[in-house]
Amino acid sequence: MTMANIGTESKAARAADAEDAMCQRVFNWLCHEIYVFDAATFHFVKANRAAQRNIGYCMGELHDLAPWDLKPDIPKSAFRDLAKPLLAGDRALVNFATTHKRRDGSLYPVEVDLQLMAHQGPPVFVANVRDTSASRLVEEHRSKLALVAEKACNAVAIADAEGRIEWVNEAYERLTGYTLAEVQGRTPGSFLHGPGTDRVVVARIKQELMAGHEAHAELLNYHKSGRQYWAELRIQPIRGADGTVERYVAMQADVTARKCAEDSVVALSRSLAEEKERYELAVRGSADGLWDWDLQTNRVYCSPRFCELLGYGADEFSDKPEWFEALVHPEDRAGAAAIVAGHLRQQTPYDLQHRLRHKDGSYKWFRARGQALWDASDTPIRMAGSISDISDLKRAEQSAKQLAETDLVTGLLNRRGFQGRLAASLEFARRAGSGVALMVLDLDNFKSINDMLGHPAGDALLREVANRLRGSVRDGDMVARLGGDEFVVIVADVNGRPAIENLVRRIVSSLAEPFTLAGREVHSGASIGIAVYPESTANAEDLLRQADLALYQAKRVGRGVHCYYEQELDARMRAWHSLEADLRKAFSRGEFEVYYQPLVNLRRFEISGVEALVRWRHPERGIIAPSEFIPIAEETGLIIPLGEWVLCQACAQAAAWPEPMKIAVNLSPLQFKQSGLVEVIAGALGVSGLAASRLELEITETVLLNENERNLSILHQLRELGVRIVLDDFGTGYSSLSYLQSFPFDKIKIDHAFIKNITSNKDSLKIVRAIVMLARSLGMTTTAEGVESREQLEAVQCEGCDEIQGYFVSAPRAARDIADLRLAKVDADRATRSRRVIRQMQKVS
């Protein structure tokens, strides 16, 4: 062995050691727990640092333990049963929830993904363990917040930007006498205000709200029974991410008793002596905790109720103002002092909200109101008032705010909550120099599942998708539902696409698992569009738009695909809009043409009919392929007038050709949504004079997938006209065989995907053979689409297809060329070769 060889082997060994070291670092760097245990003995062989830290055992101790030693709720036999599908090769992954027991005996909930790996050496199990304690706490917290809003003692209402009520709590119903159903969609003034309501105060409230400010007022309202009551009202505008007001949260409290007391104080103050002023002023300020500040002696009197609200006995309270000031929350002191000073200068009323420290050290929210007295020289000599505990009101406000940002179906953030979180995430990323990825997900088959199983099942699917997304993302990431079947994920603190790809794989894998809805197993999945900062814009609105563009591209590629935003998508979208604008003008310019592709009868080897295919001759771009403009026409609804035009043109042209040549016309699923489709087709036949038996209408399985019952009714009405109904692209949809039971089609067109490989793929040949036999048993004829070679022709002829269509026979042609097109009879030599090829294919299959 040469020194060069030795050096090469040494370098390779060092590289391998470096790679092993890197893998070990990554293994230990991962924040969730990973355990590796022997597939034969089930003893642990390796655990990362997160696992050892969280479970409390070192690796040396884990060597003597097995998984069931850490899972008190799963005995040894049960755990082995869980692993059996992996050992048998029936499943690649087993997911289950359990509880882990730490070395100190404490328990915590986890979710486990268990896999079997056998790359080099003996097989081992790898358990990926996620601590689910946080997600459970979040769900419990959300439920508590909703309960606080519903059960708060203050009346709470949420209204839209126009002031129409969307939701009220039980306290609101008790206070006003009206139920949610009675007030929903109405403005409060339309049912609460009456002759005694102060219109000036109402106008001031509206003025403050129109200016975008919070409104405070006391107003005389009318109960449903007609009884009057005084309400202390506070209305808080809730703004969206763009700064506009989206909702209002209104809090009401019945202060009738206090208002009556205040009125009494005002009346009594005119006749009572100075010794009663303290009581009169305090009552006017509030009926809760009363206080009186003698500015001449600089002593403060606090009522027993005042002391009680803060957890003190009367003998524990000092009469020094400085002691009272120390109870105010540090963040509120400057504002409170300014309001006191302004009131003593007779500039502002004394009415504020601040936090006071309770004896137990906690802070509570209070509303403080008061009134000063001045002597003849305008020197303040006394100030008295009250404090009211508004902690419940504050909690209700916060709860209402969170409810306004929560999707009611899934419990996720809604669009408004998402917009605020995305803007905050981008701002943090700018300061920290990190990245943010925004994923927009659109569920596959959602509308079909919703239509088929009903809206309750659709809502259940949305909730389960939300749960799976929560379980897929990392701590710190955020999931929201924008509406319909559209979800978003904000992935914070990302550094490069590998981390994003890992998350995408988890999401796709999670959503690929079947869902059980209304007792049925369904499959969904999702298409995903991704935009990444700082690769893309730092503007939240633009980032969402870019993710939407990426989602649109993913959906064009196919189901279950994810795409990243790239600048060329903007150019592609501009081109799409430009083509859409030209498409709208194409009708008036007469740029559409109808071409016809022959269908050949394989028994007589002659043209039995043609399929009408639309072509667009653009004045600048020339012939534009249908694959470019048909999707635009479908999305914009232009397919409906375009389809009707093609139908009329095809019927008129076919009427000029000799019988019995048939004409086939495609119907879009959107055409079935228009009213009067049967009348449109009957009109085209009537105007052209074409016999209904010569018209074939081709539909895809999508027509029956959407609004099945209605569309079946339309198909039966068309059959009664005498036209033939053809199922196109058979075998590529969701459940083709079920559609053959639901409607007696005249013909099945075998999709070109099966014809393409029929001479080289035994499975394709068997599928074609099965379709032909099935159609024949149901009394239907068959057409093989996309025949492009002699070998394919001979194969489908051997399997018994009735007709063929494809470029081997003819490309689509203008109408003037069809009259001259004739299919030559097959000579004896060709027929002999065909039979030889067919016999060979039969032997292979």
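Let's start with a definition: two strands pair if DSSP finds at least two bridges between them. Keep that in mind as we look at this predicted model.

Here is our first pair. Strand β16, residues 435–443, and strand β18, residues 486–494, are joined by eight bridges and run antiparallel. For one of the partners, look at Val436: across in β18 sits Ala492. In general, strands of a sheet pair through backbone hydrogen bonds, either parallel or antiparallel.

Now let's step back to the sheet. In what order do its strands lie? Going across, we have β17-β18-β16-β21-β22, five strands in an open sheet with mixed pairing. At the edges are β17 (478–483) and β22 (562–564), each of which pairs on one side only. On average, neighbouring strands here are turned by 20° against each other, ignoring direction.

Next, the helix on the sheet. Which strands does α18 touch? Helix α18, residues 455–472, packs there against β16, β17 and β18, and its direction makes about 10° with that of β18.

Helix α18 also has a helix partner. Find α17, residues 446–453: the two helices pack at an angle of about 140°, and their axes are 6 Å apart.

Definitions and conventions: Residues are numbered from 1 along each chain as its sequence is written. This is a predicted model: local features need pLDDT of at least 70, side-chain atom pairs count only at pLDDT 80 or more; totals for chains, interfaces and linings use all residues. Side-chain values use heavy atoms; hydrogens and water are left out. Helices (H or I, at least four residues) and strands (E, at least two) are DSSP runs, numbered from the N terminus. Axes are lines fitted to C-alpha atoms, for helices over the stretch in contact, and angles run from 0 to 180 degrees between N-to-C directions. Contact means heavy atoms within 4.5 Å.
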